[in-house]
Amino acid sequence: DRKSLEIIHRDVSPANIMVTFDGSVKLLDFGVARMTGRMTQTKAGVVKGKVAYLSPEQIGEKGVDARSDLFSLAICLYEMLTLHGLFVRQTDLMTLAAIVQEMPPPPSQFRRETPPQIDQLVMTSLAKDPNTRFGNADQMHQAVEAAASSAKLSMSPSSLGRYLGQMFGNRAEPWLVAAGDSPVSVAAQRRFERASTVEIYDADSVQQRVAAAYEREARALQAA
């Protein structure tokens, strides 16, 4: 019916933002997300999300809507621009207090080359009052595009992909490796594949592997 699902992620943080080698940006892990109007409610005193990236309304048990995610995204953007942990303090309690009470300086205080338009969109998104932030993600996206255009910065996936290539090298596709045309060696590709593979075992499989390891060790001791 083309209506917005009004999903609130509630855990927007660097660990849940993935950038692919082709320059696509993906938001991961909707495990604590909820939909506006759903007939469930978080228990009082239970906070969903990573402490340093919570919004003030998540902490204060006020009504949370999609603008909460914009605040969390602005923290990520601020830290990307400044390489400075925005609200991280010595304890979780101090971190929560900083989110609710402290208004940070604009990113340009840490990086003087930051354009004023980027300062403005970041600080707007970090407003303590949700009513003074952008109304939704589309409005924030438009502000980001306008700021990037004013600063003559490219926002295309291809340019981001090229930047990742400069930082980490070009990832070889399997068919290129097989053809021998890849700029990355076969050995490097195999190391990448091993590092990217996560194996999941059930309990029986784990027990079998442990038993086999003990058996190998016993045979080695007997041989010695």
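Residues are numbered from 1 along each chain as its sequence is written. In this predicted model, local features need pLDDT of at least 70 and side-chain atom pairs count only at pLDDT 80 or more, while totals for chains, interfaces and linings use all residues; side-chain values use heavy atoms, with hydrogens and water left out.

**Overall layout**

The protein has 9 helices and 4 strands. Helices (H or I, at least four residues) and strands (E, at least two) are DSSP runs, numbered from the N terminus. From the N terminus on, the order is β-β-β-β-α-α-α-α-α-α-α-α-α. Of the 224 residues, 29% are buried. Buried means under 20% relative accessible area, exposed over 50%, and partly exposed in between (1.4 Å probe, protein chains only). Contact means heavy atoms within 4.5 Å. Among contacts between residues at least 6 apart in sequence, 55% join residues at least 24 apart.

**Helix α2**

Helix α2 covers residues 67–82, 16 residues in total. Its first and last C-alpha atoms lie 23 Å apart, close to the 22 Å expected at 1.5 Å a residue. That expected span is 1.5 Å times one less than the number of residues. Of the 16 residues of α2, 13 are buried, so the helix is largely enclosed by the rest of the structure.

Ser 68 belongs to α2. Ser 68 is buried, with a relative accessible area of 0%. Leaving aside residues up to four places away in sequence, Ser 68 touches Ser 55, Glu 57, Gln 58 and Arg 133. Just after α2, Leu 83 takes a positive phi of about 55°.

**Two helix pairs**

Two packed helices are described by the angle between their axes and the distance between the axes. Axes are lines fitted to C-alpha atoms, for helices over the stretch in contact, and angles run from 0 to 180 degrees between N-to-C directions.

| Pair | Angle | Axis distance |
|---|---|---|
| α2 and α4 | about 140° | 8 Å |
| α4 and α5 | about 160° | 9 Å |

Angles under 35 degrees count as roughly parallel, over 145 as roughly antiparallel, 65 to 115 as roughly perpendicular and the rest as oblique. The angle of about 140° makes α2 oblique to α4. The angle of about 160° makes α4 roughly antiparallel to α5. α2 passes α4 in a left-handed crossing. α4 passes α5 in a left-handed crossing too. A crossing is left-handed if the near helix is turned anticlockwise from the far one by less than a right angle, and right-handed if clockwise.

Ala, Val, Leu, Ile, Met, Phe, Trp, Tyr, Cys and Pro count as nonpolar, Asp, Glu, Lys and Arg as charged, and the others, Gly among them, as polar.

In the second pair, Gln 117, Ile 118, Leu 121 and Ser 125 of α4 meet Met 140, Ala 143, Val 144, Ala 147 and Ser 150 of α5. Here the division is 6 nonpolar, 3 polar and no charged.

**Helix α4**

Which residues of α4 are buried? They are Ile 118, Asp 119, Leu 121, Val 122, Met 123 and Ser 125. These buried residues pack against α2 and α5. Pro 116 is also found in α4, but is exposed, with a relative accessible area of 62%. The C-alpha atoms of Pro 116 and Ala 151 are separated by 9.3 Å, though 35 residues apart along the chain.
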